[in-house]
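Student: Could you take me through how to read a few features of a model like the one shown here?

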Amino acid sequence: MKQGHPTIRGMRAPLGVVLTAGLLTMAGSASAQEEGGPMKIKFTLDGTLVSATLEDSAATRGLVAQLPLTLTLEDYASTEKIAGLPEKLSTEGAPEGITPKAGDVTYYAPWGNLALFQKDFRYSAGLVRLGRIEEGFEALLKPGSADVTIELLRN
């Protein structure tokens, strides 16, 4: 992440894309978290199904607690797609930073934004890994902005 990057909260993009996060059911989610099981999300970008596994952390639990959300994904430096979150996430227990890889789902604490990495990037202080994209990564490579809605999927 570069210094001086503006937050994007409140920006609207001309292109609409729906990002639907599908997590375990409420009961399944609670028992999976208690047993240390993975939380799964899935969403669609330009008609492409994308699925990811979230790590169990204070930051991911904070993200899930904010759902449903409607955000705007913006291209940033041809390296990541970012969207400002309405509330900052806890970084309790997180390392001071990470070296993100293509396909990482992350949170950049200094600006409070979600970041989906399209390319590997250098170590970034304040960056927290939330999870990893498992399927549909190519959808992130399409240029441009997109409105997205993230919501809990109930079975």
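Student: Is Phe117 buried or exposed, and what is its relative accessible area?
Tutor: A residue counts as buried under 20% relative accessible area, and in this predicted model Phe117 is buried because its value is 0%. Phe121, at a relative accessibility of 17%, also counts as buried.

Student: How many aromatic pairs does a search of the whole structure find?
Tutor: The search finds two aromatic pairs. In one of them Tyr108 and Trp111 are tilted, with 4.6 Å from centre to centre and 50° between the planes, and both Tyr108 and Trp111 are buried. The rings of Phe117 and Phe121 lie with their centres 6.3 Å apart and their planes at 35°, so that pair is tilted as well.

Student: Over which residues is the pLDDT below 50?
Tutor: Where pLDDT is low, the predicted coordinates should not be read in detail. The protein averages a pLDDT of 75, with 71% of the residues scoring at least 70; over residues 1–36, however, the pLDDT is below 50, although this stretch has 93 contacts in the model beyond near neighbours in sequence.

How values were computed
Residues numbered from 1 in each chain as written. Predicted model: local features only at pLDDT ≥ 70, side-chain atom pairs only at ≥ 80, totals over all residues. Heavy atoms only, no water. pLDDT = per-residue confidence, 0-100. Contact = heavy atoms within 4.5 Å. Phe/Tyr/Trp six-rings, centres within 6.5 Å; stacked < 30°, edge-to-face > 60°. Buried < 20%, exposed > 50% of the residue type's maximum accessible area, 1.4 Å probe, protein only.
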